[in-house]
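Let's take a friendly walk through this structure together.

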Amino acid sequence: LEAKLGVIQHLICSNSYDVMLHAVKSFKKKICDEVDKLVQNESATLKSRLNVLGKVSKMLFYSLFILMDREEASHPPTLRRISRCIVETVSGYKKLSNGGIISNVCNFSALELFQLVTKMFYLGCGDKASIVAEAHKPKANNILAGNAIELMGFVIADMCKLCHDDFTEHEFLQCISTFANFINSAMVPDISWKVRHSAALGVKESGLLSVCLNRYKTYKFEIETYKMRFHFQMLQLLQDGDEDVRKAAATALLPSTTHNPTSALRTLVLGYEEVSCGFANEQLFELFVQQIWSQCESVEDDFLLAMTEIENTVQNTDLSNILNLGTTRKIFEEEELNNFEESLLIIHLSIEKLAKCSMDYLSAEVTRMFSTMISTCKKLLFQLKDILSRLDKVCDIAHNLTWNNKTFKGFHGVLTASILAIYFGVEGQDLIDEAFDILKMENTMLHPCIYEALNVLSVASQYDNATRKELLRCCFLVPPL
(Lines give C-alpha, C1' and ligand atoms only; values in the text may rest on other atoms or scores of the structure.)
Protein backbone atom coordinates (compact mmCIF):
# COMPACT_ATOMS: atom_id res chain seq x y z
CA LEU A 1 0.00 0.00 0.00
CA GLU A 2 2.75 2.45 0.95
CA ALA A 3 4.56 1.86 -2.35
CA LYS A 4 1.39 2.51 -4.35
CA LEU A 5 0.62 5.62 -2.32
CA GLY A 6 4.17 6.83 -2.97
CA VAL A 7 3.60 6.55 -6.72
CA ILE A 8 0.29 8.41 -6.44
CA GLN A 9 1.93 11.17 -4.41
CA HIS A 10 4.71 11.47 -7.00
CA LEU A 11 2.11 11.91 -9.77
CA ILE A 12 -0.02 14.39 -7.78
CA CYS A 13 3.03 16.50 -6.96
CA SER A 14 4.45 16.33 -10.49
CA ASN A 15 5.96 19.52 -11.90
CA SER A 16 3.95 18.89 -15.04
CA TYR A 17 0.52 20.52 -14.76
CA ASP A 18 -1.00 17.92 -17.10
CA VAL A 19 0.27 15.00 -15.03
CA MET A 20 -0.70 16.67 -11.76
CA LEU A 21 -4.17 17.58 -13.02
CA HIS A 22 -5.04 14.16 -14.42
CA ALA A 23 -3.63 12.34 -11.40
CA VAL A 24 -5.80 14.32 -8.98
CA LYS A 25 -8.86 14.06 -11.23
CA SER A 26 -8.50 10.30 -11.51
CA PHE A 27 -7.96 9.89 -7.76
CA LYS A 28 -10.96 12.07 -6.89
CA LYS A 29 -13.38 10.25 -9.19
CA LYS A 30 -13.60 7.17 -6.99
CA ILE A 31 -12.51 8.42 -3.57
CA CYS A 32 -16.03 9.01 -2.17
CA ASP A 33 -17.35 5.58 -3.17
CA GLU A 34 -14.20 3.78 -2.06
CA VAL A 35 -14.15 5.47 1.36
CA ASP A 36 -17.83 4.60 1.88
CA LYS A 37 -17.19 0.97 0.90
CA LEU A 38 -14.24 0.76 3.27
CA VAL A 39 -16.20 2.24 6.18
CA GLN A 40 -19.08 -0.19 5.62
CA ASN A 41 -16.88 -3.24 4.94
CA GLU A 42 -17.28 -5.13 8.22
CA SER A 43 -15.55 -8.22 6.81
CA ALA A 44 -12.21 -6.42 7.28
CA THR A 45 -10.91 -5.64 10.76
CA LEU A 46 -11.36 -2.17 12.18
CA LYS A 47 -7.59 -1.83 12.62
CA SER A 48 -6.88 -2.60 8.95
CA ARG A 49 -9.50 -0.15 7.73
CA LEU A 50 -8.19 2.60 9.98
CA ASN A 51 -4.66 1.82 8.80
CA VAL A 52 -5.66 2.30 5.15
CA LEU A 53 -7.54 5.54 5.77
CA GLY A 54 -4.75 6.86 7.97
CA LYS A 55 -2.07 6.23 5.37
CA VAL A 56 -4.15 7.71 2.55
CA SER A 57 -4.84 10.81 4.68
CA LYS A 58 -1.14 11.14 5.45
CA MET A 59 -0.22 10.91 1.76
CA LEU A 60 -2.83 13.49 0.80
CA PHE A 61 -1.75 15.94 3.50
CA TYR A 62 1.90 15.59 2.46
CA SER A 63 0.89 16.22 -1.16
CA LEU A 64 -1.10 19.28 -0.12
CA PHE A 65 1.88 20.66 1.83
CA ILE A 66 4.11 20.25 -1.23
CA LEU A 67 1.62 21.87 -3.61
CA MET A 68 0.97 24.78 -1.24
CA ASP A 69 4.70 25.46 -0.92
CA ARG A 70 4.95 26.18 -4.61
CA GLU A 71 3.76 29.74 -3.96
CA GLU A 72 2.94 31.32 -7.35
CA ALA A 73 2.90 27.92 -9.05
CA SER A 74 0.06 26.63 -6.87
CA HIS A 75 -2.99 25.56 -8.85
CA PRO A 76 -6.35 26.29 -7.07
CA PRO A 77 -8.43 23.74 -9.09
CA THR A 78 -5.98 21.00 -8.11
CA LEU A 79 -5.97 22.19 -4.51
CA ARG A 80 -9.77 22.14 -4.53
CA ARG A 81 -9.86 18.53 -5.72
CA ILE A 82 -7.16 17.23 -3.41
CA SER A 83 -8.66 19.04 -0.42
CA ARG A 84 -12.03 17.41 -1.16
CA CYS A 85 -10.26 14.03 -1.22
CA ILE A 86 -8.80 14.84 2.22
CA VAL A 87 -12.22 15.86 3.56
CA GLU A 88 -13.78 12.57 2.43
CA THR A 89 -10.89 10.43 3.73
CA VAL A 90 -10.68 12.18 7.10
CA SER A 91 -14.48 11.99 7.48
CA GLY A 92 -14.27 8.23 7.00
CA TYR A 93 -11.40 7.95 9.48
CA LYS A 94 -13.23 10.03 12.09
CA LYS A 95 -16.38 7.96 11.65
CA LEU A 96 -14.56 4.63 12.06
CA SER A 97 -12.36 5.77 14.93
CA ASN A 98 -15.19 7.54 16.76
CA GLY A 99 -13.54 10.94 16.45
CA GLY A 100 -9.90 9.88 16.37
CA ILE A 101 -7.14 12.49 16.21
CA ILE A 102 -6.08 12.81 12.59
CA SER A 103 -3.02 14.99 13.29
CA ASN A 104 -1.36 12.08 15.12
CA VAL A 105 -1.89 9.78 12.13
CA CYS A 106 -0.49 12.32 9.65
CA ASN A 107 2.62 13.08 11.75
CA PHE A 108 1.84 16.80 11.63
CA SER A 109 1.08 18.94 14.64
CA ALA A 110 -2.39 20.41 14.95
CA LEU A 111 -0.95 23.92 14.58
CA GLU A 112 0.88 22.97 11.37
CA LEU A 113 -2.33 21.61 9.89
CA PHE A 114 -4.23 24.70 11.00
CA GLN A 115 -1.72 27.02 9.34
CA LEU A 116 -1.91 24.92 6.17
CA VAL A 117 -5.71 25.12 5.85
CA THR A 118 -5.66 28.82 6.79
CA LYS A 119 -3.37 29.49 3.84
CA MET A 120 -5.64 27.37 1.64
CA PHE A 121 -8.67 29.37 2.75
CA TYR A 122 -7.08 32.64 1.67
CA LEU A 123 -6.25 31.11 -1.70
CA GLY A 124 -9.93 30.20 -1.97
CA CYS A 125 -10.74 33.85 -1.31
CA GLY A 126 -8.46 34.95 -4.13
CA ASP A 127 -5.76 36.11 -1.72
CA LYS A 128 -2.42 34.38 -2.21
CA ALA A 129 -0.92 35.68 1.00
CA SER A 130 -0.84 33.18 3.85
CA ILE A 131 -0.71 35.95 6.42
CA VAL A 132 -3.30 38.66 5.91
CA ALA A 133 -3.67 41.87 7.89
CA GLU A 134 -6.23 41.69 10.66
CA ALA A 135 -8.25 44.51 9.09
CA HIS A 136 -8.66 42.48 5.90
CA LYS A 137 -12.01 40.66 5.72
CA PRO A 138 -11.80 37.85 3.17
CA LYS A 139 -14.88 36.57 1.36
CA ALA A 140 -15.15 32.83 0.84
CA ASN A 141 -15.67 33.05 -2.91
CA ASN A 142 -15.40 29.42 -3.96
CA ILE A 143 -15.44 25.75 -2.97
CA LEU A 144 -11.72 25.71 -2.11
CA ALA A 145 -12.47 28.07 0.79
CA GLY A 146 -15.36 25.79 1.79
CA ASN A 147 -13.09 22.73 1.81
CA ALA A 148 -10.61 24.65 3.96
CA ILE A 149 -13.35 25.43 6.49
CA GLU A 150 -14.34 21.75 6.72
CA LEU A 151 -10.71 20.73 7.23
CA MET A 152 -10.30 23.46 9.82
CA GLY A 153 -13.25 21.96 11.67
CA PHE A 154 -11.44 18.62 11.86
CA VAL A 155 -8.26 20.29 13.12
CA ILE A 156 -10.18 22.26 15.79
CA ALA A 157 -11.79 18.99 16.91
CA ASP A 158 -8.31 17.52 17.36
CA MET A 159 -7.21 20.56 19.37
CA CYS A 160 -10.24 20.18 21.67
CA LYS A 161 -9.00 16.70 22.59
CA LEU A 162 -5.24 17.22 22.65
CA CYS A 163 -3.45 18.32 25.81
CA HIS A 164 -1.94 21.79 25.92
CA ASP A 165 1.61 20.46 25.71
CA ASP A 166 1.28 20.75 21.92
CA PHE A 167 -0.02 24.33 21.95
CA THR A 168 -0.94 26.98 24.48
CA GLU A 169 -4.47 27.91 25.48
CA HIS A 170 -3.92 31.33 23.90
CA GLU A 171 -2.96 29.71 20.59
CA PHE A 172 -6.13 27.62 20.77
CA LEU A 173 -8.20 30.77 21.35
CA GLN A 174 -6.56 32.43 18.33
CA CYS A 175 -7.43 29.41 16.19
CA ILE A 176 -11.05 29.56 17.33
CA SER A 177 -11.16 33.29 16.56
CA THR A 178 -9.82 32.70 13.04
CA PHE A 179 -12.28 29.86 12.51
CA ALA A 180 -15.22 32.03 13.66
CA ASN A 181 -14.23 34.79 11.23
CA PHE A 182 -13.95 32.30 8.37
CA ILE A 183 -17.38 30.87 9.16
CA ASN A 184 -18.81 34.37 9.20
CA SER A 185 -17.30 35.15 5.79
CA ALA A 186 -18.81 31.93 4.39
CA MET A 187 -22.37 32.81 5.42
CA VAL A 188 -22.96 35.59 2.90
CA PRO A 189 -26.15 34.73 0.94
CA ASP A 190 -24.76 35.66 -2.49
CA ILE A 191 -21.92 33.12 -2.49
CA SER A 192 -22.21 29.46 -3.51
CA TRP A 193 -24.53 27.36 -1.34
CA LYS A 194 -21.76 24.75 -1.19
CA VAL A 195 -19.55 27.13 0.79
CA ARG A 196 -22.36 27.86 3.27
CA HIS A 197 -22.96 24.12 3.50
CA SER A 198 -19.27 23.63 4.30
CA ALA A 199 -19.56 26.28 7.03
CA ALA A 200 -22.33 24.30 8.75
CA LEU A 201 -20.39 21.03 8.39
CA GLY A 202 -17.19 22.65 9.66
CA VAL A 203 -18.87 23.90 12.84
CA LYS A 204 -20.44 20.49 13.42
CA GLU A 205 -17.14 18.62 12.96
CA SER A 206 -15.22 21.07 15.16
CA GLY A 207 -17.16 20.00 18.25
CA LEU A 208 -17.18 23.60 19.49
CA LEU A 209 -20.96 23.59 19.94
CA SER A 210 -20.57 21.06 22.75
CA VAL A 211 -17.00 21.64 23.92
CA CYS A 212 -16.48 21.22 27.68
CA LEU A 213 -15.21 24.48 29.15
CA ASN A 214 -13.95 23.09 32.48
CA ARG A 215 -10.52 22.20 31.10
CA TYR A 216 -9.84 25.81 30.13
CA LYS A 217 -8.57 28.12 32.86
CA THR A 218 -7.17 31.37 31.49
CA TYR A 219 -9.51 31.95 28.54
CA LYS A 220 -12.64 30.09 29.62
CA PHE A 221 -14.83 33.20 29.29
CA GLU A 222 -13.55 34.02 25.79
CA ILE A 223 -13.99 30.43 24.57
CA GLU A 224 -17.56 30.37 25.91
CA THR A 225 -18.22 33.62 24.02
CA TYR A 226 -17.14 32.00 20.77
CA LYS A 227 -19.16 28.91 21.60
CA MET A 228 -22.28 31.09 21.79
CA ARG A 229 -21.27 32.86 18.60
CA PHE A 230 -21.14 29.53 16.74
CA HIS A 231 -24.62 28.70 18.03
CA PHE A 232 -25.96 31.97 16.67
CA GLN A 233 -24.24 31.38 13.33
CA MET A 234 -26.05 28.03 13.06
CA LEU A 235 -29.34 29.72 13.98
CA GLN A 236 -28.75 32.07 11.06
CA LEU A 237 -28.11 29.16 8.69
CA LEU A 238 -31.37 27.53 9.82
CA GLN A 239 -33.03 30.24 7.71
CA ASP A 240 -30.73 29.83 4.71
CA GLY A 241 -32.26 29.84 1.26
CA ASP A 242 -30.85 26.38 0.46
CA GLU A 243 -32.48 23.29 1.93
CA ASP A 244 -29.23 21.32 2.22
CA VAL A 245 -27.61 24.17 4.17
CA ARG A 246 -30.59 24.30 6.55
CA LYS A 247 -30.40 20.55 7.13
CA ALA A 248 -26.65 20.69 7.80
CA ALA A 249 -27.13 23.52 10.31
CA ALA A 250 -29.96 21.66 12.02
CA THR A 251 -27.83 18.51 12.26
CA ALA A 252 -25.03 20.55 13.83
CA LEU A 253 -27.25 22.38 16.30
CA LEU A 254 -29.86 19.81 17.30
CA PRO A 255 -29.71 16.21 18.53
CA SER A 256 -30.83 13.83 15.79
CA THR A 257 -33.81 12.74 17.90
CA THR A 258 -35.38 16.20 17.82
CA HIS A 259 -34.35 17.33 14.32
CA ASN A 260 -37.31 17.39 11.96
CA PRO A 261 -36.07 18.33 8.48
CA THR A 262 -39.61 18.38 7.01
CA SER A 263 -40.58 21.40 9.11
CA ALA A 264 -38.20 24.36 8.81
CA LEU A 265 -40.21 26.44 11.30
CA ARG A 266 -40.26 23.74 13.95
CA THR A 267 -36.53 23.18 13.48
CA LEU A 268 -35.86 26.90 13.94
CA VAL A 269 -37.99 27.04 17.11
CA LEU A 270 -36.17 24.00 18.50
CA GLY A 271 -32.86 25.62 17.60
CA TYR A 272 -33.67 28.73 19.62
CA GLU A 273 -34.83 26.53 22.48
CA GLU A 274 -31.54 24.61 22.38
CA VAL A 275 -29.48 27.81 22.52
CA SER A 276 -31.52 29.46 25.29
CA CYS A 277 -31.33 26.32 27.43
CA GLY A 278 -27.62 25.81 26.79
CA PHE A 279 -26.59 29.22 28.09
CA ALA A 280 -27.91 31.48 30.81
CA ASN A 281 -25.74 34.53 31.20
CA GLU A 282 -25.33 38.18 30.38
CA GLN A 283 -23.64 37.53 27.03
CA LEU A 284 -26.53 35.45 25.70
CA PHE A 285 -28.99 38.14 26.78
CA GLU A 286 -26.94 40.74 24.94
CA LEU A 287 -26.66 38.63 21.78
CA PHE A 288 -30.43 38.22 21.59
CA VAL A 289 -30.94 41.98 22.02
CA GLN A 290 -28.32 42.66 19.32
CA GLN A 291 -30.15 40.24 17.03
CA ILE A 292 -33.44 42.09 17.53
CA TRP A 293 -31.88 45.48 16.80
CA SER A 294 -30.02 44.21 13.72
CA GLN A 295 -33.39 43.29 12.19
CA CYS A 296 -34.99 46.66 13.06
CA GLU A 297 -32.25 49.26 12.60
CA SER A 298 -33.37 50.32 9.09
CA VAL A 299 -36.94 51.01 10.17
CA GLU A 300 -36.55 54.82 10.33
CA ASP A 301 -35.35 54.96 6.71
CA ASP A 302 -38.19 52.63 5.64
CA PHE A 303 -40.68 54.80 7.50
CA LEU A 304 -39.39 57.98 5.87
CA LEU A 305 -39.61 56.43 2.39
CA ALA A 306 -43.16 55.21 3.01
CA MET A 307 -44.25 58.62 4.35
CA THR A 308 -42.80 60.34 1.28
CA GLU A 309 -44.83 58.07 -1.00
CA ILE A 310 -48.03 58.57 0.98
CA GLU A 311 -47.72 62.36 1.11
CA ASN A 312 -46.98 62.42 -2.62
CA THR A 313 -50.30 60.71 -3.42
CA VAL A 314 -52.26 62.94 -1.04
CA GLN A 315 -50.85 66.25 -2.25
CA ASN A 316 -51.28 65.48 -5.96
CA THR A 317 -54.89 65.69 -7.10
CA ASP A 318 -53.91 64.96 -10.69
CA LEU A 319 -53.82 61.16 -11.03
CA SER A 320 -51.20 61.33 -13.79
CA ASN A 321 -48.68 62.68 -11.26
CA ILE A 322 -49.16 59.80 -8.85
CA LEU A 323 -46.27 57.69 -10.13
CA ASN A 324 -42.95 56.51 -8.75
CA LEU A 325 -41.35 59.40 -10.66
CA GLY A 326 -42.33 61.81 -7.89
CA THR A 327 -40.63 59.86 -5.09
CA THR A 328 -37.30 58.28 -4.29
CA ARG A 329 -38.68 54.77 -4.57
CA LYS A 330 -37.22 52.50 -7.24
CA ILE A 331 -39.59 51.10 -9.85
CA PHE A 332 -37.74 47.78 -9.66
CA GLU A 333 -36.80 46.93 -6.08
CA GLU A 334 -33.53 45.14 -5.34
CA GLU A 335 -33.92 41.40 -5.15
CA GLU A 336 -33.69 39.81 -1.72
CA LEU A 337 -30.52 37.73 -1.39
CA ASN A 338 -32.29 35.27 0.90
CA ASN A 339 -36.03 35.05 0.35
CA PHE A 340 -36.34 32.22 2.85
CA GLU A 341 -35.31 34.36 5.83
CA GLU A 342 -38.15 35.88 7.84
CA SER A 343 -36.79 38.79 9.86
CA LEU A 344 -39.91 39.25 12.00
CA LEU A 345 -39.74 35.59 13.04
CA ILE A 346 -36.17 36.14 14.26
CA ILE A 347 -37.37 39.16 16.27
CA HIS A 348 -40.29 37.25 17.78
CA LEU A 349 -38.19 34.23 18.71
CA SER A 350 -35.55 36.43 20.35
CA ILE A 351 -38.16 38.41 22.30
CA GLU A 352 -39.86 35.23 23.45
CA LYS A 353 -36.59 33.81 24.79
CA LEU A 354 -35.72 37.06 26.56
CA ALA A 355 -39.20 37.44 28.06
CA LYS A 356 -38.97 33.91 29.48
CA CYS A 357 -35.62 34.55 31.19
CA SER A 358 -35.84 33.98 34.93
CA MET A 359 -33.79 37.11 35.48
CA ASP A 360 -32.57 40.06 33.44
CA TYR A 361 -28.97 40.89 32.57
CA LEU A 362 -29.15 44.62 31.97
CA SER A 363 -25.55 45.41 31.20
CA ALA A 364 -24.58 48.90 30.08
CA GLU A 365 -24.59 47.76 26.44
CA VAL A 366 -28.03 46.10 26.72
CA THR A 367 -29.47 49.19 28.42
CA ARG A 368 -28.02 51.38 25.65
CA MET A 369 -29.57 49.21 22.90
CA PHE A 370 -32.93 49.11 24.67
CA SER A 371 -32.86 52.91 25.09
CA THR A 372 -32.05 53.30 21.38
CA MET A 373 -35.01 51.12 20.44
CA ILE A 374 -37.33 53.08 22.76
CA SER A 375 -36.09 56.35 21.27
CA THR A 376 -36.60 55.04 17.74
CA CYS A 377 -40.06 53.79 18.60
CA LYS A 378 -40.97 57.18 20.05
CA LYS A 379 -39.96 58.92 16.80
CA LEU A 380 -42.00 56.46 14.75
CA LEU A 381 -45.09 56.88 16.90
CA PHE A 382 -44.78 60.66 16.64
CA GLN A 383 -44.57 60.41 12.83
CA LEU A 384 -47.46 57.94 12.76
CA LYS A 385 -49.65 60.20 14.89
CA ASP A 386 -48.82 63.17 12.66
CA ILE A 387 -49.68 61.40 9.41
CA LEU A 388 -52.86 59.87 10.88
CA SER A 389 -54.07 63.25 12.12
CA ARG A 390 -53.54 64.82 8.69
CA LEU A 391 -55.14 61.94 6.85
CA ASP A 392 -58.14 61.44 9.07
CA LYS A 393 -60.42 61.85 6.08
CA VAL A 394 -58.48 59.36 3.98
CA CYS A 395 -59.38 56.20 5.87
CA ASP A 396 -57.88 53.54 3.68
CA ILE A 397 -55.12 50.97 3.99
CA ALA A 398 -53.10 52.44 1.12
CA HIS A 399 -52.42 55.59 3.15
CA ASN A 400 -51.80 53.85 6.46
CA LEU A 401 -48.19 53.28 7.54
CA THR A 402 -49.10 50.35 9.77
CA TRP A 403 -50.17 48.33 6.70
CA ASN A 404 -47.08 49.12 4.63
CA ASN A 405 -45.13 45.96 3.80
CA LYS A 406 -41.76 47.73 3.99
CA THR A 407 -42.32 49.19 7.45
CA PHE A 408 -44.38 46.51 9.18
CA LYS A 409 -41.52 44.22 10.18
CA GLY A 410 -39.33 46.91 11.71
CA PHE A 411 -42.24 48.81 13.28
CA HIS A 412 -43.69 45.75 14.97
CA GLY A 413 -40.17 44.76 16.01
CA VAL A 414 -39.35 48.02 17.79
CA LEU A 415 -42.82 48.09 19.40
CA THR A 416 -42.43 44.65 20.94
CA ALA A 417 -38.77 45.29 21.81
CA SER A 418 -39.78 48.51 23.58
CA ILE A 419 -42.41 46.63 25.59
CA LEU A 420 -39.69 44.15 26.58
CA ALA A 421 -37.34 46.98 27.59
CA ILE A 422 -40.00 48.60 29.79
CA TYR A 423 -40.77 45.20 31.30
CA PHE A 424 -37.10 44.92 32.30
CA GLY A 425 -37.11 48.37 33.86
CA VAL A 426 -35.81 50.69 31.17
CA GLU A 427 -37.45 54.13 31.36
CA GLY A 428 -40.15 54.64 28.73
CA GLN A 429 -43.06 56.61 30.20
CA ASP A 430 -43.07 59.10 27.30
CA LEU A 431 -43.41 56.20 24.88
CA ILE A 432 -46.30 54.73 26.88
CA ASP A 433 -48.10 58.08 26.75
CA GLU A 434 -47.51 58.37 23.00
CA ALA A 435 -49.00 54.91 22.41
CA PHE A 436 -52.02 55.81 24.56
CA ASP A 437 -52.61 59.00 22.54
CA ILE A 438 -52.64 57.09 19.24
CA LEU A 439 -55.13 54.55 20.59
CA LYS A 440 -57.50 57.41 21.50
CA MET A 441 -57.57 58.65 17.89
CA GLU A 442 -60.63 57.78 15.80
CA ASN A 443 -60.80 56.10 12.39
CA THR A 444 -57.11 55.16 12.42
CA MET A 445 -57.63 51.76 10.80
CA LEU A 446 -54.46 50.42 12.44
CA HIS A 447 -53.20 47.00 11.48
CA PRO A 448 -54.60 44.52 14.07
CA CYS A 449 -51.13 43.31 15.11
CA ILE A 450 -49.84 46.88 15.47
CA TYR A 451 -52.97 47.82 17.41
CA GLU A 452 -52.45 44.88 19.77
CA ALA A 453 -48.80 45.84 20.35
CA LEU A 454 -49.75 49.49 20.98
CA ASN A 455 -52.41 48.33 23.41
CA VAL A 456 -49.84 46.31 25.40
CA LEU A 457 -47.33 49.17 25.24
CA SER A 458 -49.86 51.70 26.58
CA VAL A 459 -50.20 49.76 29.86
CA ALA A 460 -46.71 48.18 30.08
CA SER A 461 -44.96 48.19 33.45
CA GLN A 462 -41.82 46.73 35.02
CA TYR A 463 -41.88 43.00 35.90
CA ASP A 464 -45.64 42.88 35.43
CA ASN A 465 -46.85 39.34 34.61
CA ALA A 466 -49.76 40.68 32.56
CA THR A 467 -47.32 42.74 30.43
CA ARG A 468 -45.13 39.69 29.89
CA LYS A 469 -48.10 37.46 29.00
CA GLU A 470 -49.52 39.95 26.50
CA LEU A 471 -46.06 40.55 25.01
CA LEU A 472 -45.72 36.84 24.30
CA ARG A 473 -49.13 36.94 22.59
CA CYS A 474 -47.82 39.71 20.34
CA CYS A 475 -45.13 37.32 19.05
CA PHE A 476 -47.68 35.76 16.72
CA LEU A 477 -45.15 34.04 14.43
CA VAL A 478 -43.83 31.75 17.19
CA PRO A 479 -45.76 28.46 17.16
CA PRO A 480 -46.20 26.35 20.32
CA LEU A 481 -43.73 23.49 20.60
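The paragraphs below take up these topics in turn.

A word on conventions comes before the tour. This is a predicted model, in which local features need pLDDT of at least 70 and side-chain atom pairs count only at pLDDT 80 or more, while totals for chains, interfaces and linings use all residues. Residues are numbered from 1 along each chain as its sequence is written, and side-chain values use heavy atoms, with hydrogens and water left out.

Let's begin inside. Leaving aside residues up to four places away in sequence, the contacts of Phe 230 (heavy atoms within 4.5 Å) are Ile 176, Phe 179, Ala 180, Ile 183, Val 203, Leu 208 and Leu 209.

Now for the charges. There are 18 salt bridges in the structure, each a side-chain nitrogen of Lys or Arg within 4 Å of a carboxyl oxygen of Asp or Glu. One of them joins Glu 34 to Lys 37, at 3.9 Å from N to O. Both residues, Glu 34 and Lys 37, sit in helix α2 (residues 17-40), three residues apart, or about one turn of the helix; helices are DSSP runs of H or I with at least four residues, numbered from the N terminus. Glu 34 is partly exposed because its relative accessibility is 41%, and Lys 37 counts as exposed because its value is 53%.

Glu 300 and Lys 379 form another salt bridge, with their closest N and O atoms 3.9 Å apart. This pair links distant parts of the chain, since Glu 300 is in helix α14 (residues 299-315) and Lys 379 is in helix α16 (residues 364-390), 79 residues apart.

Glu 352 and Lys 353 also meet in a salt bridge, at 3.4 Å from N to O, and both are buried. Through shared partners, salt bridges join Glu 273, Glu 352, Lys 353 and Lys 356 into one network.

Finally, look at helix α1 (residues 2-12) and helix α3 (residues 46-68), which pack at an angle of about 25° with their axes 10 Å apart. Helix α1 is therefore roughly parallel to α3, a label for angles under 35 degrees.

Notes. Helix = DSSP H or I, 4+ residues; strand = E, 2+ residues; numbered from the N terminus. Buried < 20%, exposed > 50% of the residue type's maximum accessible area, 1.4 Å probe, protein only. Axes fitted to C-alpha atoms, helices over the stretch in contact; angles between N-to-C directions. Parallel < 35°, antiparallel > 145°, perpendicular 65-115°, else oblique.
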